[in-house]
Amino acid sequence: MADHLLEVRNLSVRFHTAQGIVNAVNNVSWHVDRGETLAILGESGSGKSVSSSAILNLIDMPPGEITSGEILFDGLNLLTATHEERRRINGKRIAMIFQDPLSHLNPVYTVGWQLREVMRVHAVPAAEAAARALDLMRRVGMPEPEASLDKYPHQFSGGQRQRIMIAMALAMKPDIIIADEPTTALDVTVQAEVLKLLRELQDEMGLGLVLITHDLGVVAEVADRVVVMNAGEIVEAGTPAEIYHHAKHPYTRKLIAAAPGKGEMNAPMAEGEALLRVERACKSYGPFKALNDVSFELRKGEVLAVVGESGSGKSTVAKAILRLIEADSGRALWKGRDLFTMPSRELYAMRREIQMVFQDPTQSLNPRMSIFQIISEAWVIHPEILPKARWKERVAELLTQVGLSPDHARRYPHQFSGGQRQRIAIARALALEPELIIADEAVSALDVSIQAQVIELLAKLKRELGIAFIFIAHDLPVVRDFADHVMVMEKGRVVEIGTVREIFDTPAQPYTRRLLAAGLDPDPEVQKARRRAVA
Amino acid sequence: MPRYASRIISSFASLVLLLVMVFFLSRLTGDPAALFLPDDATPQMIEQFRELHGLNDPMIVQFGRYVWDVLHLNFGDSLRQARPAIEVVTQAFVWTLWLALITMALVTAAAVVIGSLAAFRPGGIFDRIVTFTSLIGASAPDFWVAIVGITVFAIGLGWLPTSGTGTVWHWILPIAVLFIRPFGLILQVVRGSMVSAFGSAYVKTARAKGVRDRSIIFVHTLRNAMLPVITVVGDQAAALLNGAVVVETIFGFPGVGKLMIDSILNRDFNVILAAIMVTAIAIFVMNLLIDLAYALLDPRIRT
Amino acid sequence: MKRTTLLLSSALALALPPLAPAFAQEGKDVTIVLGEDIDLMEPCMATRSNIGRIIMENVSETLTEYDVKSGKGVLPRLAESWEDMGGGTWRFHLRESVTFSDGSAFDAADVKASYERASSDKLTCETPRYFGDTKLTFDVVDEHTIDITADPAQPILPLLMSLVTIVPSETPVEFVREPVGTGPYKLASWSPGQSVVLERRDDYWGEQPAVEKATYVFRTDPAVAAAMVAQGEADLAPSISAVDATDSETDVSYLNSETTYLRLDSAIPPISDKRVREALNMSIDRDAFVGTLLPEGTVPAVAMVPPTTLGWNPDVKEYPYDPEKAKELLAAAKADGVPVDTTLYLIGRSNLFPGVTEVSEALQQMMQDVGFNVELQMVEVAQQEELYSKPFKEGRPPQMLFVSHDNSKGDPVFSMFFKYDSNGRQSGIADPKVDEMIAKASAATGEERTKDWQELFAYLHDEVVPDVLLFHMVSFARVGDRIEFTPTIATNSMLPLSEISFK
Amino acid sequence: MAVSSPLKAQHMSTLTSSGPAEPSRLRVVLGMLWRDKFATAAVIFLLIAILCAILGPALLTEAATRQNLRARNFAPFSLDQGWLMILGGDALGRPLLARIIVAARNTLMIAAGAVALSASIGAMLGLAAGYGPRWLGTVIMRLADVIMSFPSLLLAVIVLYMLSPSVGNVILVLAVTRIPVYLRTTRAEVLEIKERMFVQAAQVMGASSLRIVFRHILPMVIPTLVTIATLDFAFVMLAESALSFLGIGIQPPEITWGLMVAQGKQYLANAWWLAFWPGLAIILTTLSLNLLSNWLRIALDPAQRWRLEITPANKIGGGKANG
């Protein structure tokens, strides 16, 4: 076998837990060379990050245990190397960029200090380290590079923090950079910028890049080769194009099929009576305008998608309608009554009619209540809906409706996967028989395949029960599949509103166009073409 | 800064409320005249004493007079000592302040170092031994520890003076006794805080950067882990500033704790009030310092 | 294991000695460790024990002093002699060429000023309590002679003058913290809560005492006080606890003038019945306490005052321990309808003396054994004080207060009125005959006075049974090996440094 | 994060997909307890102490109060005076063992009473301060400040003077002084929890504030309170003994361990056992509670729990199941 710069051979790692042993990765092998980008594609729980943790000696043992394999870096088996040898490689020859840079940067030290530290621990003199830190900040395109060195991580935006992480990884001009979901929490436009930066740097320095991701679009954008992981094993490997067009493994095929944004777009609904009409809603926090003159209409059984980047005010709209926050001015007419000024007694009745599904199902389900209690709480609060005798039966019904089994009612939230939990949250919303469900990033945290299933479920509910949705999302392909109308928001105001076709095919506003252009297509060819077009 | 202004105002309000409550409640607990004068004092003497100290007036009049005096920065005289209560208290408070400061400095230093090392390998031998011994120490009644300490180190071994003040040596036993309980507590907090800090994402980053273990413990993790520790240190220091009654009593240490219990038992109201006021102010100042330390350690709080 | 410990401790021992405290006293200095802190150093409060132990006859002197050592009665101090001029007037001839520690000379005007200051209503001195309703007028005859007239006539005026401390006439009428007196010592420094230092004066009128400098320190815990003497940190601990008095070389016991007793409230049934009070007395095995819960040397009491007091009656015998008789008395009382089953409250005071709790519990059990229904309550001093002195609360239950009385002054007059007279503040009885006898004895002099008191004691103990007298208590002093000191019955209230000599 | 998230998700999916029968909760808890031998010993000791508190007074009060001056300060480790005298006799010749057993009730009752009272009042006020209107929160917090700075000794003297030094009143005194601890903790937790999604979800369903506070927030706070309470239990026992030492706590003839130590300390030089055994009882109890609380802290923290979950036996079993 030819020598590679970094090679993982037959690596198996397992973890000891209460439920016994979990094999995190099994017999995994891959390699990467200078100047090349390897993507490791997998959903949560696939074990895609474990091998990189093993490379950098980041697995806690116990409870972790490496049962077999070797990791060869430049001929040295890292797994048998000493602690000190590995420490010298970390950061200097192999560097890592983590997901969620906020928690991965030390909150109590300045960015400059953290940047210099990586050089100082690898014996770069202080003065040189300081000079190089400034260069790095410039290189990653940080505005005001000098001032930023004395700032702390919390003073930067998400995209800027990821640039800092990248600068830190570059500091010692490593041979390999491992990037673990480097763009996951970022807005699409920022994601595009970060990926562009990584690509440029790679071209410039000729380093090997290992990119761990769940996003086919990211793979299509940057990868030279890709390995697909599922349940701790590599199921398939090849170039992105090979994988996308000629996937052999059923799992890969399923994954590709689940990628959103390919189906027919919904035709606009026939004209009808407005169920909800929001007029000139405003909300400010001090000088910051979270909602600036927002108006829109929603008809019965219709899906209105609200899209925009973080801070655009799309969640604020939902909270204002639900009276979780109080709007400063404007009206929200629900069947002719103004939600913003509704007295609390009427509000109670309104709660039946408008429900919400939250982004993070782990957070939105009370961990100390059983599924039965969670769903039936609706009827405890609104006893007129259902006599107690029928609760059990109805819970079973609802669980079946959202694709779960009736005997799940006895269990607790932590015993379910993320997708299942979101189904439970939907069942809870349905228990009140609402006419409108506001879904706030309801599928964003889910894996692609599960995302598709949940969207399918929502579409079914819309179809069969005639429920209207306000669907808040930052992920445009999902919106494209599900929405009837789309409202694009930026900085608290409505940029553009129209049918899904209007927005996706003939966007009127430059902002909307930018947003659409920044999105990544899972098809490598399409994506390549699009990149060329943008360039 | 307006944040501090409102803090000062609300703390001042609490202090006033506290003093008002103490003023009235303490006067419900009996007559200082009977305690000051001998058993066989004549009724005239008692009457005279009460008259002289204004104890015969209706409570509300006494209160009015006290408020008036306090507004003129006069905190009254001690019933027992025939000198200004504030003087009695400040004299005692200096001792308590030193005792508390030295003890807390030692406790914090020791707990931070030992706790951090224990946390590096949770469940390891060092961790177990440290946790267990510190818990035993913290579980023993302090008067018991104090007397055993005197018996062993002063009487048995003759290394240290039994009690009193004077030389540095006199401070060792009282501080050692006071040390034990906060040490056990703060050690646990340091340890817990360090254990969870070791699990933080930025530690992973540091390891990925190739930072040495020592530096991970004492540079990366410790500063983050200190935040909850500081809170506990503050609470414990506040408890010490309120006076270490038992230790002061046993070691004949003229601190505010002993003064407080004596004044309470003698119903020396002005001294009680002055002592509460001085300690409350000291604790307030200390809390400000703690806030400052917080801001110093954690830039997120500064803004 | 043992070896390492040994090694470790010897290593430590090696490291420490040069720094270890050397407290051994040099020269003629002494350190005295007291149990109770001093809060004031006011001469007119010198009859209070925590003050008196430091300043009485050390800093402040009196015209006369009462000899408790050899029973010579009232001795001259600042007065060289005195005579009864009749009509309630006593003439005192004062010692000449006596100076105060501030340099001013002592004369008759100071005596007058001292008394007037002490009885001023601007001060709350202790002195007036000894004079009660007696009015004193002072006539300065010449610089060193003064006539003191008492109205009504006061047969023991010379004795009373042993309680009036003399201060310069310029002393302000407010409590002082720096006493000026004629005594052999003056206050050198006082750090509140820590120590008081007295220094010997060179210009003292009398014989120079041996001690040049005395440092007083305060330790609440008697065990610590005892340890300090044992460690050489102090030379004298005048009152340590009996359990700590383990070294016969250094520890001396002495009768301390405290008399403990149960003050009965004779107004409330069933205690109002004399048989019940007798039964209470007989239920207690006083001898069983001595040498067990109370130290050897404790004396069962038959009177409120210690045996060294004038008029103490040697013929009065303590109640025998006779549970059977007690039960009979109770049965008889019960037969007459006395509610003997009522709960009696035995109210003790924590910190009355070391081991008070155990003694109280033992008393409770002894009374219960003969059939009393006794509930024990231990309370704090202020709480007990509320129950101890008149006015008593209406509707109170039958109470027995476990209290202690201190009279080292040599005459029962300081005790009897307020303990037994119908109007006495702490009296639990109202017996006209007792009132009359107290008045008579108080006014009597000489042999007659002795006889009157003796009669009163016998009558009270045998006929009235107003209380359950328990013990004359003993204290222990630990005396360091550098000095010689013999405690007396008055050591509790005064501690003349002149009684300390060096070996 | 990168390592633990797949791990969590994976064992969850194994669990839900295979759907094995859940082991009973009690067995899981006992299993986790057994893995921490210190905690196991602590629980056993505490159970014994509780048993003493329940049965002791009924069985041994007579023996514990009967004085016998002949056996005064009787030395321990001798059976001459019967097995109850194995730990020696006190100053009135009463068997220390019997007294310690009988005193367990008062001691534990005072501590438990004070902790229960302060925890429940503190939690209620904390919930009100955290979830109620802003002004209420401010008022309650200022009140907590006042209680915090109120000298507990003065409080003890006031209560015990105006009422009496009974067990109930000592509980009251100790409870009042401990309220702020629970109040502040509860409030801090509430402020955090009320921002959580499930609380908003309940609001969206129309749940009343009372329902949200008691059904959703309180159950989340309780584990923290339980951990604090175990520690506080130890603290309160020590505080009670310090009060006794200063002469303003429980008074004889009631007995508590703290009082026994306080009374016995004067005999420390020549009859050490009087203060030693009850002192040991206090130390062992507080130590047990501390150990238990350490265990609880780990057991209640999902991120730490694995420490109690791995054993060799588990490894083998798990390996087979997976292999």
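## A residue in a loop

Strands, like helices, are DSSP runs numbered from the N terminus, and a strand needs at least two residues. In this predicted model, C:P487 sits in a loop of chain C, between strand 18 (483–484) and strand 19 (501–502).

Is C:P487 buried or exposed? C:P487 has 22 C-beta neighbours inside 10 Å, and therefore counts as buried; the cut-off for a buried residue is 20 or more. Leaving aside residues up to four places away in sequence, C:P487 touches C:P238, C:V252, C:Y254 and C:A477. As for C:G183, 304 residues separate it from C:P487 in sequence, while the C-alpha atoms of the two are 20 Å apart in space.

## The domains of chain C

Chain C is divided into three parts: domain 1 (23–58 + 183–250 + 480–502), domain 2 (64–163) and domain 3 (255–474). Taken over C-alpha atoms, the centres of domain 1 of chain C and domain 3 of chain C are 33 Å apart.

How many residues does each of these two domains give to the contact between them? Domain 1 of chain C gives eight residues, and domain 3 of chain C gives ten residues. The side of domain 1 of chain C that touches domain 3 of chain C holds four nonpolar and four polar residues, with no charged residues.

## Annotated spans in chain B

An unreviewed UniProt entry carries the annotation "transmembrane region" for residues 97–120, 141–162, 168–190, 225–251 and 271–297 of chain B.

Two of these spans can be described further. Residues 97–120 of chain B are 100% helix and 0% strand, and the end C-alpha atoms of the span lie 34 Å apart. Residues 168–190 of chain B are 96% helix and 0% strand, with end C-alpha atoms 29 Å apart.

## Contacts between chains

There are five pairs of chains in contact, and among these pairs chains A and D share the most contacts. Chain A and chain C are joined by no contact; their closest C-alpha atoms are 34 Å apart.

Chain A does meet chain B: 23 residues of chain A are in contact with 18 residues of chain B. Which elements give two or more residues to the side of chain A that touches chain B? They are helix 2 (83–89), helix 3 (101–104) and helix 4 (111–120) of chain A. By class, that side of chain A has ten nonpolar, eight polar and five charged residues.

Terms used
Residues are numbered from 1 along each chain as its sequence is written. Chains are lettered from A and ligands numbered from 1 in the order in which they are written. This is a predicted model: local features need pLDDT of at least 70, side-chain atom pairs count only at pLDDT 80 or more; totals for chains, interfaces and linings use all residues. UniProt positions are given in the numbering used here, feature names are shortened, and annotations may be inferred rather than shown by experiment. Helices (H or I, at least four residues) and strands (E, at least two) are DSSP runs, numbered from the N terminus. Domain bounds come from an automatic or database domain assignment. Two residues are in contact if their C-beta atoms, placed from the backbone, lie within 7 Å. Ala, Val, Leu, Ile, Met, Phe, Trp, Tyr, Cys and Pro count as nonpolar, Asp, Glu, Lys and Arg as charged, and the others, Gly among them, as polar. A residue is buried if 20 or more other C-beta atoms lie within 10 Å of its own, exposed if 12 or fewer, and partly exposed in between; C-beta atoms are placed from the backbone.
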